[in-house]
Amino acid sequence: MTLSAVLIANRGEIAVRIARTARDLGIRSIAVYSEPDTGALHTQVADEAYLLPGKTSAETYMNIPALIEIAHRAGADCLHPGYGFLSENAEFARTVEQAGLTWIGPSPDAIELLGDKLSARALAVEADAPLAPGTGEPLSTWEEARDFAEEHGMPIAIKAAFGGGGRGLKVVFDEADIEEGFASAGREAREAFGRGECYVEKFLTHPRHVEAQVLADAHGNVAVLGTRDCSTQRRFQKLIEEAPAPFLTDQQRTAIEEGAREIIRKANYQSAGTVEYIVSEDGTVSFLEVNTRVQVEHPITEAITGVDIIAEQFRIADGLPLSFVEEKGTHGGDGIDPSVSGHAFEFRINAEDVTNGFAPSPGTVTRFDVPTGPGVRIDTGVRTGGQIPPYYDSLMGKLVVWGPDRETALRRAKQALSEFRIEGVRTVLPFHRDMVESPELTGDSLGVYTDWVDHNYSPSQKHNGVDIEHIYDERRDVVIEIDGKLHTIGFPVALLGGGAGASNDSATAAPSSEAAGAVTTNYEATIVEWLVEDGDIVSKGDAIATIEAMKMESSVKAPRDGQISLAAQQGERVKANAAIATIS
């Protein structure tokens with residue numbers, strides 16, 4: 001391999017992942033970090049780390065001139081963008097190449113063709129892939145989305161043309177909500193990707209999200225590394241994935257895999273990529289989009305194929321054929337797909353509060369104890385003492401569990417999740433522990449679909465009778481012996497005289513504001529929009545503001561009835577627990 005030093009233009013667990021593979025390949029790894037990420041794990045794992053002054057994504061990880069300058073200063077000869085940030089930005093890829101660096105990813109032309117959801121749709125038509133009805137061009141106004149809905153019916157999906165990962169995606173079920181859905185999708189897309197153009201598709205109800213992992217090199221080899229199911233989502237951002245996708249017919253699986261191969265071939269695509277589909281409840285398969293980057297969930301495909309997808313990206317960028325093709329001594333032919341063995345699950349460990357609508361939960365991680373055992377892999381960007389800043393995505397790490405079959409993988413997952421301990425910030429671990437006991441995920445058919453969590457999951461109905469108000473309380477295990485048999489009992493720390501400490505899998509929530517009438521947020525955030533006027537009369541539970549943190553919009557609800565007085569401006573960045581309004 002001729003590549004010798006890579007600048008990793010990312011942070012968190014994917015930056016750690018890339019640095020580890022670079023070391024395996026004998027490539028020097030160069031990390032970048034923002035001021036809030038000083039001392040973060042990815043800066044310690046990489047061989048070198050350089051500061052990007054600032055806090056926000058735009059100031060740091062999306063600052064193209066600064067990234068190129070550091071690459072030159074550090075002597076990098078290639079750049080890996082990871083996922084998110086600038087990974088699907090064709091102009092960034094072009095700038096990297098113009099700067100004399102090798103881009104670890106598909107060509108700028110392929111990114112433009114497939115990263116633009118509208119031109120990707122056109123290519124899918126050329127490849128004879130099935131498609132749901134949709135607009136062929138970005139919409140200028142929300143009224144155009146309303147006109148589409150009147151023609152094709154509700155619900156509709158408003159999608160960022162240059163988005164991905166659930167950012168800038170709003171499903172609207174009521175015509176009265178189209179205007180706000182259109183505005184919100186554009187805002188999220190601009191915040192996450194720098195572009196806010198949106199288009200509209202007819203939304204198919206109760207769809208599964210199924211995708212095919214593809215690798216393509218410069219020698220004409222296009223390999224499909226099986227399928228994944230990513231239907232367990234909240235607000236169309238994935239929480240649990242598994243590979244291969246279960247409960248598909250042979251016809252569906254063939255259509256997904258061969259359709260993906262044909263789209264990639266027609267795009268003259270080289271690198272790792274993912275072709276995504278939805279599978280409706282009536283069995284219809286419909287092309288969704290192509291992600292022109294490595295996916296968050298790529299480890300489950302690695303677990304069932306034994307292929308290091310990041311390493312293959314480096315090989316492809318260096319002009320080498322796919323490693324498993326080279327071993328077979330064939331080039332450019334079919335029949336090169338690696339065999340699939342066993343079953344794997346991935347659980348995204350996000351810093352989010354399950355009891356508060358998966359709201360972001362930034363803070364300091366005071367404990368991070370990971371599980372071990374056969375088939376267990378942890379990809380993480382944090383460790384004990386690390387910070388979860390409010391400026392970036394909420395993903396902390398991923399638990400990947402493999403087994404020789406789906407049932408064994410689920411049993412291993414249950415044990416691994418029970419062993420996982422995180423304190424200092426609230427995480428989605430309680431949700432994952434629920435889901436691996438849920439027949440919707442574990443039954444003889446998949447009962448989960450892309451908006452199932454949003455409409456059906458209630459943490460108060462789960463946890464086998466555990467009080468939902470205390471699922472994040474710090475608990476201490478006490479081992480006692482009764483008649484020669486050991487018993488382990490978990491007690492809240494407060495009952496043991498330890499006081500109210502930072503909770504297990506938790507962060508202390510903002511003080512109750514109902515009595516005083518103060519309206520606060522539990523975390524640092526930007527006020528995107530006030531939904532009420534100063535002096536309005538509001539009722540307890542009314543949505544009064546939209547806030548953004550960690551690339552995600554959330555609603556602020558009124559804590560009591562009364563007259564509201566606004567104390568913060570639209571667009572203002574507010575601190576955690578600061579009063580943004582009062583209700584008297």
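Mentor: Let us begin with F347, which has 0% relative accessibility and therefore counts as buried, since the cut-off for that word is under 20%. Please keep in mind throughout that this is a predicted model. The residue F345 also has 0% relative accessibility, so F345 counts as buried as well. The rings of F345 and F347 have their centres 6.2 Å apart, and because their planes meet at 20 degrees, the pair is stacked. By the rule used here for ring pairs, the count comes to 12 aromatic pairs.

A second pair to look at is that of F431 and Y457, whose ring centres are 4.9 Å apart and whose planes stand at 80 degrees, so that this pair is edge-to-face. This pair links distant parts of the chain, for F431 lies in helix α14 while Y457 lies in the loop between α16 and β23 (475–482), and the two are 26 residues apart. Both partners are enclosed: F431 is buried with a relative accessible area of 0%, and Y457, at 9% relative accessibility, counts as buried too. Ring pairs also link Y61, F85, Y391 and Y392 into a cluster.

The largest nonpolar core has 38 residues, and the members that touch the most other members are F347, M396, I422 and F431. At least two residues of this core come from each of β11 (237–243), β14 (343–350), β21 (395–403), α13 (406–419), α14 (429–435) and α16 (452–456). Of these elements, α13 gives the most to the core, with 5 residues. There is also a second, separate core of 33 residues, which includes C78, A272, V294 and F324.

With a relative accessible area of 14%, F236 is buried. F358, likewise not a glycine, has a positive phi of about 60 degrees, and this residue is found in the loop between β15 (352–353) and β16 (359–360). F358 has a relative accessible area of 7% and is buried. A cis peptide bond, with omega about -10 degrees, joins A243 and P244, and P244 sits in the loop between β11 and α9 (250–266). Another cis peptide bond joins M154 and P155, where omega is about 0 degrees, and P155 belongs to the loop between α7 (142–152) and β6 (156–164). Elsewhere, the charged end of R146 sits over the ring of W142, at 5.4 Å from the centre of that ring.

In strand β28 (residues 543–549), 6 of the 7 residues are buried, so the strand is largely enclosed by the rest of the structure. On one hand, β28 runs antiparallel to strand β26 (residues 525–530), to which 4 bridges join it, and E529 has T546 of β28 as its bridge partner. On the other hand, β28 pairs in the antiparallel sense with strand β29 (residues 552–557) over 6 bridges, and here I547 has S554 of β29 as its bridge partner. β28 and β29 form a hairpin with 2 residues between them, and M550 in the turn has a positive phi of about 55 degrees.

There is also an open sheet of 4 strands, in the order β25-β32-β30-β27, with antiparallel pairing. Its edges are β25 (518–520) and β27 (537–538), each of which has a single partner strand, so one side of each is left without a neighbour in the sheet. Within this sheet, strand β30 (residues 562–566) and strand β32 (residues 579–583) pair in the antiparallel sense over 3 bridges, and S565 stands opposite T582 in β32.

Conventions: Residues numbered from 1 in each chain as written. Predicted model: local features only at pLDDT ≥ 70, side-chain atom pairs only at ≥ 80, totals over all residues. Heavy atoms only, no water. Buried < 20%, exposed > 50% of the residue type's maximum accessible area, 1.4 Å probe, protein only. Pairing = 2+ DSSP bridges. Core = buried A, V, L, I, M, F, W, Y, C linked by side-chain atoms within 4.5 Å. Phe/Tyr/Trp six-rings, centres within 6.5 Å; stacked < 30°, edge-to-face > 60°. Lys NZ or Arg CZ within 6 Å of the ring centre and 35° of its normal.
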